[in-house]
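Thanks, everyone. Please bring up the model on your screens, and I will walk through it.

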Amino acid sequence: ENNISRYHQEFLEVELIGTGQFGSVYKCINRLDGCTYAVKKSTKPVAGSVFEKNALNEVYAHAVLGKHQHVVRYYSAWAEDNHMIIQNEYCNGGSLGDKIAQEALSASELRRLMLHVAEGLRYIHSEGLVHLDIKPGNIFISKEKRMQFNTNYDSADDGFEDLEDLSNCEEELTYKIGDLGHVTSLANPQVEEGDCRYLPCEILQEDFTHLTKADIFALGLTVIEAAGSGPLPKNGEEWHKIRKGEIPALKQTIQRDMLELVKTMIDPDPLARPTAIQVLQHKSLSPTGSK
Ligand SMILES: Cn1cc(CCO)c2c3c(c(-c4ccccc4Cl)cc21)C(=O)NC3=O
């Protein structure tokens with residue numbers, strides 16, 4: 001059999017960027033196109049197991065969810081020497097989980113987060129799919145530096161200084177939904193519960209009649225955590241208080257209209273929660289309505 005590893009043939013492994021029960025993720029450079037990718041290696045699931053179904057789910061979901069600026073892009077997947085390997089777009093800004101472990105997002109960053117992820121969910125839901133594991137650790141950040149070249153060229157320097165001086169460079173952050181391992185179809189849902197910290201009650205009670213609203217609920221709690229609620233509870237009194245619609249104390253004072261929106265997103269009744277389109281139309285996200 002072909003015992004040369006496609007992984008080592010096609011990629012230069014730069015560094016390990018994540019490990020978990022899911023496997024290990026490496027930052028890699030493709031030797032052919034010179035681009036950087038995130039490559040996840042996981043032990044090949046036993047044929048017929050739920051792990052294999054999940055692994056295939058992830059690849060099918062990526063294949064359906066082609067190119068969208070708020071969904072991490074998929075390039076290839078293959079099996080080799082008892083491993084499953086998936087090659088995805090590399091997001092160079094870390095995960096939202098990493099970012100909020102440092103500090104809460106500002107009001108304008110919270111709006112950008114809500115907009116980008118709601119846009120990604122609108123796309124996923126429009127394709128008849130649901131994510132079912134929306135949380136800070138599965139939202140990745142891409143930072144591209146946009147240079148504003150100053151027109152008043154200062155002849156004194158040779159033009160290289162302003163390239164080093166990135167102060168005139170505004171950081172454009174893009175939030176992208178990643179880890180499609182729990183994605184399932186609305187038509188024929190095979191629900192694998194996501195992280196219980198972001199799970200709404202109805203899913204726990206195996207009511208799968210409004211699955212898109214489970215993603216909306218998880219996005220609401222993700223924004224709450226990004227606003228500095230601190231780590232969310234996995235169970236117990238605090239967990240139940242949130243499922244009754246109570247918002248925990250936040251470090252970042254978020255605007256009243258954003259708070260209102262988040263309150264509806266974590267409503268105990270899935271029908272009371274907005275759709276992704278209604279989130280995008282909310283006054284707290286329109287450029288003018290942020291008073
Ligand atoms: C732990 N970790 C860190 C990163 C880099 C963030 O700056 C990362 C990425 C991915 C993934 C990933 C998640 C789930 C499935 C497959 C992959 Cl490659 C995991 C990642 C992914 O698909 N794209 C990433 O950038």
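One term before we start: exposed means over 50% relative accessible area, buried means under 20%, and partly exposed is in between, with a 1.4 Å probe and protein chains only. This is a predicted model, where local features need pLDDT of at least 70, side-chain atom pairs count only at pLDDT 80 or more, and totals for chains, interfaces and linings use all residues. Residues are numbered from 1 along each chain as its sequence is written, and side-chain values use heavy atoms, with hydrogens and water left out.

Take Glu206. With a relative accessible area of 58%, Glu206 is exposed. Its loop runs between helix H6 (201-204) and helix H7 (211-229). Helices here are DSSP runs of H or I with at least four residues, strands are runs of E with at least two, and numbering starts from the N terminus. Phi of Glu206 is positive, near 60°.

Why mention that? Most residues other than glycine have a negative phi.

Asn82 is another case. Its phi is about 65°, again positive, and it is not a glycine. Asn82 sits in the loop between strand S4 (74-80) and S5. Asn82 is exposed too, at 55% relative accessible area.

Now the ligand. Which residues are closest? Around the ligand there are 14 residues, and the closest are Glu58, Asn88, Glu89, Cys91 and Gly94. To count as near, a residue needs a heavy atom within 4 Å.

Next, the polar contacts, meaning pairs of N or O atoms within 3.5 Å. A ligand oxygen is 2.4 Å from a polar backbone atom of Cys91. A ligand nitrogen is 2.8 Å from a polar backbone atom of Glu89. At Asn88 the side chain takes part: one of its N or O atoms is 3.0 Å from a ligand oxygen. On its own the ligand has 510 Å² of accessible area, and the protein covers 91% of it. Those areas come from Shrake-Rupley with a 1.4 Å probe.

What supplies the shell? Strand S1 (11-20), strand S3 (36-43) and strand S5 (83-89) are the elements giving two or more residues each. By class, the shell has seven nonpolar, three polar and four charged residues. Asp, Glu, Lys and Arg count as charged; Ala, Val, Leu, Ile, Met, Phe, Trp, Tyr, Cys and Pro as nonpolar; the others, Gly among them, as polar.

Last, Leu96. Leu96 belongs to helix H3 (residues 96-102). Leu96 is buried, at 0% relative accessibility. From Leu96 to Glu238 is 142 residues in sequence, and 23 Å in space, C-alpha to C-alpha.

Conventions: A polar contact is a pair of N or O atoms within 3.5 Å; within protein, one must be able to donate a hydrogen and the other to accept it, and residues adjacent in sequence count only if both atoms are side-chain atoms.
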